[in-house]
Amino acid sequence: MNPRCYLLCFCAALIAASSHADDFAASPRIQALVADAGSSLLIADRFDQPVQNRLEGYRSTFQRSPSFSSAMRVPDPRRGDNGYSMRIEATKASAGFCGYWIHFFDMHALKPTYFDAQAYTHLSFWVRGERGGESFNIRCSDVDWIAKEDSELVGPVDQFLDGGVTQAWQEVIVPLRSTNIDCSQFAGLTLEFAEVGEFKIYLEDVAFKSDPNQMIPANVKPEPQAERPQTTTPSRTLWLWSTKELLGSTPRWYELFDFCQAHEIGQIWLQLPYKVERPQLSKQPEPSKVSATAPESSLSARVTVLMQRELRSFITEAHSRNIRIHALDGAPEYCLTKNHDIPLGLVDAVMQFNSQGKEQEKFDGVHFDNEPYLLLGWHSPSRREQILRQYLELNAECQRRIREGSNMQFGVDIPFWWQATDKNTGEATAAVEFNGVRKAASFHCIDMLDNVGVMNYRDRADGADGIIAHGKALIEYGQRQRGATIFMGVETFMEADRKVWFLVGLPRKRFQQSLAVIPLFADQSLIDGHRVRTMDDGENIHLGIEIPHAPSDQQRAATERSLRRLAKQFYWLLESDQQVESRRATAKSVIAADSQWRTFESRDLAEEGEIPRMRGFVTESVMPSKVTFGDDLMVDFDEQTSAAENYFQDFDCFGGIAIHFYETYRSLCEPAAAEKVAPKQTP
């Protein structure tokens with residue numbers, strides 16, 4: 001993904017992903033899952049599967065900075081001679097909190113089924129420490145505790161183990177009758193690290209028992225079966241944006257290609273250098289006259305590929321090393337029909353470039369990173385569907401032209417969260433009817449394109465919020481449909497904190513009504529070159545502008561002008577001070593509880609001309625650690641991406657891990673070489 005769009009993308013992803021967590025709290029209770037009849041033992045979780053356990057429950061860490069926790073399934077140490085244990089690491093600071101939870105119900109189900117544990121008297125799990133002496137609290141939850149996003153304290157682990165946690169496996173047995181938990185709707189187990197320090201423990205065999213003395217058998221190797229064909233891990237793909245600087249220095253080519261071969265990179269999505277010439281129109285054509293499916297009726301842009309000689313030499317050298325090169329570009333505004341002539345012109349230009357070169361000089365594909373959710377109109381469900389339909393029309397036409405006129409591949413980047421449920425609409429966040437079928441745009445893309453790059457930006461493979469969990473539905477859909485090759489993208493870019501100046505927003509419905517009457521702004525992601533930001537506090541949508549770092553007087557004045565333009569369009573209906581202050585207070589409370597924002601300062605927009613004084617606030621946008629490997633060690637990157645590859649490579653449609661992007665990934669791999677890499681440029 002284009003780095004300049006990164007911050008908005010991960011904010012949208014966080015909002016969409018969090019909608020899952022709200023589903024189960026608001027859903028009506030239904031009959032609980034009943035235990036096996038006559039069974040005195042139910043092993044609920046052996047950690048054999050990376051996402052859900054036997055009761056369809058998810059698992060994950062929780063934390064608030066500066067405390068931190070992480071978890072991963074590992075094959076060693078384990079109780080038996082087969083399977084996995086769960087390694088949990090925690091750093092508990094004097095502030096914040098951290099721990100690990102396991103659910104015994106499917107929190108993503110429309111109507112969750114909680115576990116009926118009334119047949120059992122005890123909850124059991126096995127634990128061992130890395131050093132011994134590790135301490136944590138045991139907590140349990142039922143449906144009511146889950147609704148409060150909390151759990152009941154049962155006691156410290158030392159209360160259930162004589163001598164506490166040691167380096168040997170020990171069974172912790174918790175009497176369920178001693179708790180106030182409603183066992184007919186049992187929901188989860190939580191391990192909370194409450195003491196300051198660093199801890200590493202291993203967890204195995206979480207079970208329910210009606211006889212506390214019944215031994216849980218260790219996991220043993222299954223009977224030998226017919227040997228399965230060995231799967232090969234696909235090579236990896238790399239996004240690369242700073243093309244002009246790279247092409248201008250042949251030594252940098254060789255550094256790049258050597259790096260790719262050392263790190264098993266077999267494909268590069270390379271930002272295409274090009275220029276656009278668009279005819280000046282005396283009269284703006286009607287929207288219906290500018291169509292991706294009928295470009296001959298419009299005055300199309302003329303796109304010219306730049307640095308062609310350098311590109312041909314670069315591609316030739318890449319091919320000699322078995323590295324494929326796809327032309328990369330994208331902008332949110334390209335999703336709209338009125339701008340389709342630019343990306344379609346780019347496709348035509350790449351095909352023309354290929355037609356004029358030797359076989360080894362040709363691009364292997366075209367790849368677009370058009371992110372429609374960065375347009376303001378995305379926040380209106382009706383406008384969102386229009387945007388998505390135009391986005392899909394563009395993709396379909398690009399794919400048609402490339403299949404009919406070349407041997408190249410065509411693909412696009414999509415976020416992992418488009419098929420997540422939008423709690424405001426009750427259907428997929430990116431639901432759209434296309435070709436007579438209504439489903440998430442991500443599924444439409446998999447149906448009709450050669451490949452998709454899933455921006456699956458998490459730094460952990462396992463868990464409810466991990467790479468595997470977020471990619472599972474897409475990879476399974478791709479396997480069933482036999483559609484696009486699916487690349488799972490990970491992030492190595494670390495965005496600096498950015499201040500954003502927001503105007504106090506409008507209630508959701510009124511904001512959406514405003515978008516409907518000002519389509520010009522609804523179709524933009526920038527105002528006067530400034531990135532527009534939105535913040536949804538659950539009730540109101542606030543609009544703001546990113547403030548440049550250490551702005552000059554000129555930059556500060558330009559920021560205020562852009563804010564006034566937003567104010568004129570979205571805040572023409574004046575309200576009482578009490579209403580506005582109430583909304584600002586709501587925003588402040590949400591910012592205090594949300595890890596993607598930091599600090600709050602009231603700052604109003606001064607009057608100028610006809611624009612009245614507007615209430616506002618400034619906050620700092622923070623890139624959560626969990627979305628990037630940029631603040632991790634290379635050993636963490638290798639461990640987590642290898643675990644994700646190990647899961648996804650069983651699917652025929654898996655194309656490999658895609659890494660965003662070259663400069664930051666190289667800095668992660670080779671810190672000493674970071675100064676030699678060209679500075680990041682954005683198209």
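User: What share of the contacts in the chain between residues at least 6 apart in sequence join residues at least 24 apart?
Analyst: The share is 78%, with contact meaning heavy atoms within 4.5 Å. This is a predicted model, in which local features need pLDDT of at least 70, side-chain atom pairs count only at pLDDT 80 or more, and totals for chains, interfaces and linings use all residues. Residues are numbered from 1 along each chain as its sequence is written, and side-chain values use heavy atoms, without hydrogens and water.

User: What percentage of the 683 residues in the chain counts as buried?
Analyst: Buried residues come to 57%; the term requires under 20% relative accessible area with a 1.4 Å probe, protein chains only.

User: How many helices and strands does the chain have?
Analyst: There are 15 helices and 31 strands.

User: Why are helix 6 and helix 7 called roughly parallel?
Analyst: Helix 6 (residues 341-355) and helix 7 (residues 381-405) pack at about 15°, their axes 10 Å apart. The angle is taken between N-to-C directions on a scale from 0 to 180 degrees, with axes fitted to C-alpha atoms over the stretch in contact. Roughly parallel applies to angles under 35 degrees, and the pair therefore gets that label.

User: What makes up the contact of helix 6 with helix 7?
Analyst: Pro 343, Leu 344, Val 347, Asp 348 and Met 351 of helix 6 meet Leu 394, Glu 397, Cys 398, Arg 401, Ile 402 and Gly 405 of helix 7. Sorted by class, seven residues are nonpolar, one is polar and three are charged. Asp, Glu, Lys and Arg count as charged, and Gly is among the polar ones.

User: How do you know that strand 23 and strand 24 pair?
Analyst: DSSP must find at least two bridges between two strands. Five bridges join strand 23 (residues 451-455) to strand 24 (residues 485-491), and the two run parallel. Asn 451 has Thr 485 in strand 24 as its bridge partner. Both strands belong to a closed barrel of eight strands with parallel pairing, in the order 14-15-18-19-20-23-24-31. On average, neighbouring strands of this sheet are turned by 25° against each other, direction ignored.

User: Which strands does helix 14 lie across?
Analyst: Helix 14 (residues 634-648) lies across strand 14, strand 24 and strand 31 (654-660), at about 155° to strand 31.

User: In which sense do strand 21 and strand 22 pair?
Analyst: Strand 21 (residues 431-434) and strand 22 (residues 437-440) pair in the antiparallel sense over four bridges. Val 432 has Lys 439 in strand 22 as its bridge partner. Two residues lie between the strands of this hairpin, where Asn 435 takes a positive phi near 55°.

Technical notes. Parallel < 35°, antiparallel > 145°, perpendicular 65-115°, else oblique. Buried < 20%, exposed > 50% of the residue type's maximum accessible area, 1.4 Å probe, protein only.
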